[in-house]
Protein chains: 2
Amino acid sequence: MPSFQSLLNDTASSVELALSEMLEKQGDNLMSNPIRHAVLGGGKRLRAFLVIHSCNIFDVQKETATQAAMAIECLHAYSLVHDDLPCMDDDALRRGKPTVHVKWNEAIATLTGDALQTLAFELIACLPKVDADRKIELIKKLAKASGMQGMVLGQAQDIQAEKSERSLNLDDISSLQRNKTGALIEWSATAGAVLSDNSDKELLNYARSIGLAFQIQDDILDIEGDTILAGKRLQKDVTAGKATFVSLLGIENAKTRAKQLVEEAIQALSIYGDKAEPMRQVAKFIIERKL
Amino acid sequence: MPSFQSLLNDTASSVELALSEMLEKQGDNLMSNPIRHAVLGGGKRLRAFLVIHSCNIFDVQKETATQAAMAIECLHAYSLVHDDLPCMDDDALRRGKPTVHVKWNEAIATLTGDALQTLAFELIACLPKVDADRKIELIKKLAKASGMQGMVLGQAQDIQAEKSERSLNLDDISSLQRNKTGALIEWSATAGAVLSDNSDKELLNYARSIGLAFQIQDDILDIEGDTILAGKRLQKDVTAGKATFVSLLGIENAKTRAKQLVEEAIQALSIYGDKAEPMRQVAKFIIERKL
């Protein structure tokens, strides 16, 4: 079995190539370059990895899995482009490159995010080698995960938290983070079950644990991380005086909690045997990563 | 047969009620009020009218037609909220009410548009009493009409035109407007054919003609219209020195061209007999409207 790091790199490379070819096919127009800038050349492709390896558990065809992975990466890229806008987090750097509104302008950045959201739904609607019923199920779940009951709500909760006098407690930030980042991780990790019409119960338990662990690790890296390595601004939350898992639990307890969550995630996959090994490995990676 | 104006009002009222009930069911959270503000209480509901009455031609069930109409109104509302942002058209007034970024802020307006786009796709994925294949077809077409090959591209072309030294010619503004507003009108007017798995050829010809007529009339109203009646800022294009159908053709020729287009649209529907009468009436309305 190849090392986990090379599996992670290989999966990221194949998704990168597929995204690049898909965008090439769209032809060239005014939106092409900002969209390519936002989607290509970066990121851990964690969501894509979850989609592809959850699909492997259920023998979903590779072509189908790759396109579902592209869809979630487009959806994620849309959220980053809008989140980086001056009216939101106001970030100039993303994946080591200037953000879209810095390289172009705010109008183009708004439109880039808008078009990438559309593209995510289009890619699912056009999934090859899968029934329309399965596509519709994925679309419903993606809408629920990303809309006003999911990611967008999480963003709004985050903005309100910054303005509010009252500090958030652990329940508040757990809810906020489950909406803001957890919902898309859940969608990604359960995609294989949905596409093959199997129960997503175990994968959902797995995803809830790694989603929370992922956020705790993000909070740890916000303190201990390296800006150059991360390719984005760090210590944002500390500077903003925001409550995080680290500020509420302390850094050692936060690390212990993240480890417990990863153990729980690994347990949740026991019924799937060897086929779920990449999903177990990525759970461990989530709390070992440095960016 | 009821007068056209009462048919238009009745259709708008039933869509308004359906939208209000649908948003009620979403429950209350931080995003509810901005979303309701953006979607409810306004507009001619022209796109909804086209969906519902194109569905009537093919005996699509009322419940299905109404939900497809709600979807296109959510998509349209998303585009208006983002278009009104300071980085885009910077408008403070929409449908006689303050725009979302004025009443809340830019971050909430960005998120409101984002969530409304998601909701549009979700509503189609959840259409009652229709096969998954038909839903997927509508979703593909909506993505094509609204994304980087459609509405978003039209917005980007519009922004570029404002910055460019070179004035647009008739072909340029026809292309820009077909992308920016025409594509969604085409989606709406063909929805009934797509939902019933019939050819959309005639309805597509109809939609192309009324889409262009609609934009010519918008340019005429930008000059001759009444701000209070319109509930939005007028003479934007004149002030910005933008090329429009009126500036290129002259106002009388523009009116003549719009009339021809409406005649062509009405001709395109001849095979559908009486059932298409509301679609013919709305074509005439498009160039007679004062707002």
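Guide: Let us take some terms in turn and set the values against their definitions. Please keep in mind that this is a predicted model.

Visitor: Why is Phe4(A) called partly exposed?

Guide: A residue is buried with 20 or more other C-beta atoms within 10 Å, exposed with 12 or fewer, and partly exposed in between. Phe4(A) has 16, so the label "partly exposed" applies. Phe4(A) belongs to helix 1 of chain A, residues 4–25. Leaving aside residues up to four places away in sequence, Phe4(A) touches Gln281(A) and Phe285(A).

Visitor: Where do the buried residues of helix 15 of chain A pack?

Guide: They pack against helix 1, helix 3, helix 10 and helix 14 of chain A. Among the buried residues of helix 15 are Met279(A), Val282(A) and Phe285(A).

Visitor: How do you know that the length of helix 15 of chain A agrees with its number of residues?

Guide: The expected span is 1.5 Å times one less than the number of residues. Helix 15 has 12 residues, so it should span 16 Å, and its end C-alpha atoms are 17 Å apart, which agrees. The same reasoning works for helix 4 of chain A: its 22 residues should span 32 Å, and the ends lie 31 Å apart, which agrees.

Visitor: What makes helix 4 of chain A "mostly covered"?

Guide: The count does: 20 of the 22 residues of helix 4 are buried.

Visitor: Why does Asp59(A) count as exposed?

Guide: The cut-off for exposed is 12 or fewer C-beta neighbours, and Asp59(A) has 11 inside 10 Å, so it counts as exposed. Asp59(A) sits in the loop between helix 3 and helix 4 of chain A. Its phi is near 55 degrees, a positive value in a residue other than glycine.

Visitor: And why does Lys129(B) count as exposed?

Guide: Lys129(B) has 11 C-beta neighbours inside 10 Å, so it counts as exposed. Lys129(B) lies in the loop between helix 6 and helix 7 of chain B. Its phi is positive, about 60 degrees, although Lys129(B) is not a glycine.

Visitor: How do you know that the two copies are related as by a two-fold rotation axis?

Guide: Chain A is superposed on chain B by a rotation of 180 degrees with 0.0 Å of shift along its axis, and the RMSD is 0.0 Å. The two copies are therefore related as by a two-fold rotation axis. In chain A, Ala132(A) has the C-alpha nearest the axis, 2.7 Å from it. The same surface serves both copies, as 100% of the contact residues of chain A recur in chain B.

Visitor: Which helix of chain A supplies the largest share of the side that touches chain B?

Guide: Helix 6 of chain A does, with 13 residues. In total, 40 residues of chain A are in contact with 40 residues of chain B. The residues on the chain A side divide into 23 nonpolar, 11 polar and six charged.

Key
Residues numbered from 1 in each chain as written. Chains lettered and ligands numbered in written order. Predicted model: local features only at pLDDT ≥ 70, side-chain atom pairs only at ≥ 80, totals over all residues. Helix = DSSP H or I, 4+ residues; strand = E, 2+ residues; numbered from the N terminus. Contact = placed C-beta atoms within 7 Å. Least-squares fit on C-alpha atoms with pLDDT ≥ 70 in both. Nonpolar A, V, L, I, M, F, W, Y, C, P; charged D, E, K, R; others polar.
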